[in-house]
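Please open the model in a viewer and keep the selection panel at hand.

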Amino acid sequence: MNQPFLPRIARTVCPHDCPSACALDVELLGPGRIGRVRGAQDDPYTAGVICEKVSRYSERVHHPDRLTQPLRRVGPKGGGQWAPISWDEALDETAARFSAIEAEWGAESIWPYYYAGTMGHVQRDGIDRLRAAKGYSRQYDTICTGTAWPGYIAGTGMLGGVNPEQMAESDCVVIWGTNAVHTQVNVMTHAMRARKERGATIVVVDIYQTATMDKADLGLMLRPGTDGALALGVMHVLLRDGLADRAYMAQYTDCSPEFEAHLSTKTPQWAAEITGLSVDEIERFAHLVGTTKRSYFRLGYGFTRQRNGATAMHAALCIPAMTGAWQHRGGGAFHSNSGTWQLDKSRLVGSHLQKGDPRWLDMSEIGPILTGDATALKGGGPVKAMIVQNTNPASVAPNQTLARAGLAREDLFLVVHEQFMTETAELADIVLPATMFLEHNDYYTRGGHTRVLYGPALVERPGECWSNHQVINALALRLGLDDPSFTSTDREVVAETFRRSGYGELDAIEPLGFVDRERPDAEARYAQGFAWPDKRFRFAPDWQAVADKKGYLWTCDPAAMPRFADHWNITERTDSEHPFRLATSPARTFLNSTFNETPGSQRREGPPSLFIHPADAAPLGIGEGDAVLVGNRRGEVHLTARLRLGLPTGVVIAEGLHPNKAHREGRGINTLTDARPVPPFGGAAFHDAAVWVRRADQA
Ligand SMILES: Nc1nc2c(c(=O)[nH]1)N[C@H]1C(S)=C(S)[C@@H](COP(=O)(O)OP(=O)(O)OC[C@H]3O[C@@H](n4cnc5c(=O)[nH]c(N)nc54)[C@H](O)[C@@H]3O)O[C@H]1N2
Ligand SMILES: Nc1nc2c(c(=O)[nH]1)N[C@H]1C(S)=C(S)[C@@H](COP(=O)(O)OP(=O)(O)OC[C@H]3O[C@@H](n4cnc5c(=O)[nH]c(N)nc54)[C@H](O)[C@@H]3O)O[C@H]1N2
Ligand code: SF4
Ligand SMILES: [Mo]
């Protein structure tokens, strides 16, 4: 007997790649239909606030372009002609091709590829279980966190910080290298509470006048890739003016006469020269954080998407270690809590099944890898087959020309499991339709906060969509794997992972919807010492020790690393041919390339644009709204000029990622970014490119 559907509001979690991982209340209007999505009021970090793109999620779930059945390419690669096929046909063909390619080229010629389209661990990371069991090439994850995380760990010894809810108890919140209004709106909720309730000062450090800087009391607009210099100038002033907490440094840090000597030449004049800030701005900032005990440093990812990003993160993190802000409630630092979950994911990712010791291929180097770069291939053979889940490398990967040429290779067998016909899916041999978060079960961690949340399947899936977990399991069974982990349901994997991690039983956790992993405040602020053997924060980082902790792989000569916290001058140089520095900062209503298919976001973002200072535009004959061409050694991209006063001269900004085909000639912004791995351990310098700009009609 069919039960009538009762419209209701259900609790779940936002699955997207955003540190906030908001707790959501979703209106369920019918078995397969949702209405409004709201931020949960009773979740202390979400606090009832979510971004606009997710509040109109019904646009995305019920989008007419959603993929709903498996497709096989007919005609040439990328030709746009597809024939619908059954799941059996799609999986049989994939398994047969994978087996044949493995027999001819070896298991390492197959490279499962994924990222964080959903942040649910079961659906995101289950692909590693198949990879391990088959001995396929491994994926070295660098694209997002490759510079930021090592930079932070270099100081504290682990990836964790003071609970971000404490921003509300701060007297000074420093929002550094994150455009939180766009990328993690909840930071603003708590920072603005501090201002309203305590009169806290809000400082924003960025390279242009972002929507976040609009809200700041002190906006520090510096030249791209110079954050290390700002940090050193600040520390110089702290020491010079007696604002360093000497007792704290003596007990909790490795501060040495050599480090102080190193800082003695890093005057605010020196820093002003490099950063483009004034001496007064640097001294004001130093005095503010030097005299405000409760200063909270919220360090983002953006400033680490520079070639010197890891050292910049470390240098910024050194400031609260010098002021002793860690000791005070509402003070300290935070980047991510991703080192604090203590999850046992060994069954989920198939550690028990690992076959051999296959090569690690760097995901950021997908372009060089697929176009046969011997170094990027680690001396091994070519990649001949891929299954891609949860990511859109034809748009998001650096050096798009290489990435797309590689994905389009006729001799690459490409399977893409997606919710939409993305620009990666367009290049596939087989496209598989994927469920969305409301249609499958998973759990989610919150890098920007303290909770691990459960998101249950709430609505019926459209058409023949399958979850990532189902696809990986079905493919594994067809490839002859019989481990019981390949016959479990997604809910069982959540339950098992929680149980193995000591979180408790899912049945008990589900009604509440989360496990709070908040650490005792003293631990979060390292009151018993930092996470190095001598318990001291490191002004002189031991990068090898960072690599050893996390399994990072060196991408530069270790001897090249600066000895102390420093400004490492290795960003892409401007020259007479490439006089501008370009950053590709996130747009407010796209999330990487996700949401660039929804009408609301398309309307809000308009055509792909380039922010340029009028003083730079005038000599080039560029006016507001003109078509411009932006280029460098890697390629050329069409954009629409937007004249803005809120950025330094010599710097241009393209907020993205718009679809490649929204650009004239179909080349997206990552045509201009570099895929060569950033030191010390890889990653992509998305905001670090030297370019030229011209009127398109003069090009
Ligand atoms: N709306 C929206 N939200 C998102 C995303 C999105 O694309 N759109 N992406 C999601 C993902 S995957 C991530 S990892 C997070 C990242 O979120 P954030 O931590 O905010 O990092 P980014 O978005 O890369 O960049 C943030 C800011 O850093 C600035 N920046 C660039 N170079 C420098 C520099 O040298 N110094 C300084 N001080 N600032 C610099 C950029 O201009 C930008 O304003 O956001 C997530 N949330
Ligand atoms: N120029 C420039 N490029 C950048 C950045 C930048 O700042 N500037 N940021 C970089 C960063 S920080 C990151 S993290 C990367 C992110 O790059 P990606 O991880 O590729 O992020 P998205 O573009 O959002 O693509 C995620 C895809 O996963 C799909 N998806 C979502 N959920 C599921 C699911 O459950 N199953 C399956 N099969 N698919 C799903 C979505 O439809 C979407 O197409 O981009 C990077 N690229
Ligand atoms: S702010 Fe981030 S986590 Fe929250 S709803 Fe928006 S995308 Fe999701
Ligand atoms: Mo990211």
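Predicted model: local features only at pLDDT ≥ 70, side-chain atom pairs only at ≥ 80, totals over all residues.

Residues are numbered from 1 along each chain as its sequence is written, chains are lettered from A and ligands numbered from 1 in the order in which they are written, and side-chain values use heavy atoms, with hydrogens and water left out.

**Stop 1: ligand 1**

Select ligand 1 and display its shell, that is, the residues with a heavy atom within 4 Å of it. The shell holds 31 residues, of which Thr178, Asp206, Asp227, Pro586 and Phe590 come nearest. Domain 3 (149-335) and domain 4 (580-698) both contribute to this shell, so ligand 1 lies between them; the domain bounds come from an automatic or database domain assignment. Helix α7 (180-183) and strand β9 (201-206) each supply at least two of the shell residues. Helices (H or I, at least four residues) and strands (E, at least two) are DSSP runs, numbered from the N terminus.

Next, select phenylalanine 590: one of its backbone N or O atoms lies 2.5 Å from a nitrogen atom of ligand 1. Then select glutamine 306, where a side-chain N or O atom is 3.1 Å from a nitrogen atom of ligand 1. How much of ligand 1 does the protein bury? Taken alone, ligand 1 exposes 910 Å², and the protein buries 98% of that. Such areas come from the Shrake-Rupley method with a 1.4 Å probe.

**Stop 2: ligand 2**

Move to ligand 2, which is surrounded by 30 residues; the closest are Thr391, Glu418, Asn468, Ser593 and Thr594. Domain 2 (71-144 + 341-440 + 464-489) and domain 4 (580-698) both give residues to the shell, so ligand 2 lies between them.

Select serine 593, whose side chain has an N or O atom 2.4 Å from an oxygen atom of ligand 2. In asparagine 468, a side-chain N or O atom is 2.8 Å from a nitrogen atom of ligand 2. Asparagine 392 places a polar backbone atom 2.9 Å from an oxygen atom of ligand 2. Ligand 2 exposes 920 Å² when taken alone, and the protein buries 96% of that.

**Stop 3: aromatic rings**

The whole structure has 22 aromatic pairs, meaning rings of Phe, Tyr and Trp (its six-membered ring) with centres within 6.5 Å; planes under 30 degrees apart count as stacked, over 60 as edge-to-face and the rest as tilted. Select phenylalanine 530 and phenylalanine 537: the ring centres are 5.4 Å apart and the planes at 75°, so this pair is edge-to-face. Both residues are buried, where buried means under 20% relative accessible area (1.4 Å probe, protein chains only). Phe530 and Phe537 belong to one aromatic cluster with Phe259, Trp326, Tyr526, Phe539 and Phe564.

Now select tryptophan 543 and phenylalanine 681, an edge-to-face pair with 6.4 Å centre to centre and 65° between the planes. Tryptophan 543 lies in helix α22 (residues 543-550) and phenylalanine 681 in the loop between β24 (651-653) and β25 (689-695), so the pair ties together parts that are 138 residues apart in sequence.

**Stop 4: aspartate 429**

Finally, select aspartate 429, in the loop between β15 (413-418) and β16 (430-433). Is aspartate 429 buried or exposed? Aspartate 429 is buried, with a relative accessible area of 9%.

Conventions: Polar contact = N/O pair within 3.5 Å; in protein donor to acceptor, adjacent residues only side chain to side chain. Buried < 20%, exposed > 50% of the residue type's maximum accessible area, 1.4 Å probe, protein only.
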